[in-house]
Amino acid sequence: MRISICHCLACQRRTGGPFAEQARFRREDVSISGTSTRYARTGDEGTTCIFHFCPVCGDTVYYEPQAMPAFVIIPVGAFADPHFPPPTVSVYESRMHSWVVPPEAAEHFA
């Protein structure tokens with residue numbers, strides 16, 4: 001559906017980096033199997049996501065935004081594909097690190 005980067009403080013803390021990059025999919029287009037460890041996290045705007053982690057290595061495998069139950073979000077790093085398409089949306093740019101330069105063609109939100 002979309003690939004985005006988020007510069008909010010919650011994403012910075014969660015990833016340990018200056019932003020998080022994720023791909024949003026319709027739930028019906030995603031097949032989930034196996035076990036995961038879950039953690040609920042509330043973001044900067046007050047909405048909660050349920051994050052699912054690999055119980056062996058701790059990597060974030062996917063997450064479910066409570067405000068958008070029709071979607072599943074997968075961190076782009078989970079694909080381990082350097083040719084993954086670039087983000088088309090950049091949000092919370094008011095909290096963006098000064099040296100980060102999102103793609104010019106992306107939609108930009110403060």
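Visitor: Which residues does Glu64 touch, not counting residues up to four places away in sequence, and with which side chain does the side chain of Glu64 make a polar contact?
Guide: This is a predicted model. Beyond four places in sequence, Glu64 touches Arg27, Thr48, Cys49, Ile50, His52 and Phe71. The side chain of Glu64 makes a polar contact at 3.0 Å, and the partner is the side chain of Arg27.

Visitor: Is Glu64 buried or exposed?
Guide: Glu64 lies in strand β5, residues 60-65. Buried means under 20% relative accessible area. Glu64 has 17%, so Glu64 is buried.

Visitor: Which residues make up the largest nonpolar core, and which elements each supply at least two residues of this core?
Guide: Seven residues make up the largest nonpolar core: Cys6, Cys8, Ala10, Cys11, Ala20, Val89 and Val91. At least two residues each come from α1 (9-15) and β7 (89-91).

Visitor: Which residues are in the other core?
Guide: Another core lies apart from the largest one. It has five residues, among them Cys49, Phe51, Tyr63 and Ile73.

Visitor: Why is strand β1 largely enclosed by the rest of the structure?
Guide: Strand β1 covers residues 2-6. It is largely enclosed because, of its five residues, the number buried is four.

Visitor: Which residues stand opposite Ser4 in β2 and β7?
Guide: β1 and β2 (residues 20-26) run antiparallel, joined by five bridges. β1 and β7 run parallel, joined by three bridges. Opposite Ser4 stands Gln22 in β2, and in β7 it is Val89.

Visitor: How many aromatic pairs does a search of the whole structure find, and how far apart in sequence are the parts that Phe25 and Phe79 tie together?
Guide: The search finds three aromatic pairs. Phe25 and Phe79 form a tilted one, 6.3 Å centre to centre with 55° between the planes. Phe25 lies in strand β2 and Phe79 in the loop between β6 (71-75) and β7, so the parts tied together are apart in sequence by 54 residues.

Visitor: Which residues do ring pairs link into a cluster?
Guide: Phe79 is partly exposed, at 34% relative accessible area. Phe79 and Phe84 form a stacked pair, 4.8 Å centre to centre and 25° between the planes. Ring pairs link a cluster of Phe25, Phe79 and Phe84.

Visitor: Over the face of which residues do Arg14 and Arg24 lie?
Guide: Arg14 is 5.2 Å from the ring centre of Tyr63 and lies over its face. For Arg24, at 5.4 Å from the ring centre, the face is that of Phe71.

Notes: Residues numbered from 1 in each chain as written. Predicted model: local features only at pLDDT ≥ 70, side-chain atom pairs only at ≥ 80, totals over all residues. Heavy atoms only, no water. Buried < 20%, exposed > 50% of the residue type's maximum accessible area, 1.4 Å probe, protein only. Polar contact = N/O pair within 3.5 Å; in protein donor to acceptor, adjacent residues only side chain to side chain. Contact = heavy atoms within 4.5 Å. Core = buried A, V, L, I, M, F, W, Y, C linked by side-chain atoms within 4.5 Å. Pairing = 2+ DSSP bridges. Phe/Tyr/Trp six-rings, centres within 6.5 Å; stacked < 30°, edge-to-face > 60°. Lys NZ or Arg CZ within 6 Å of the ring centre and 35° of its normal.
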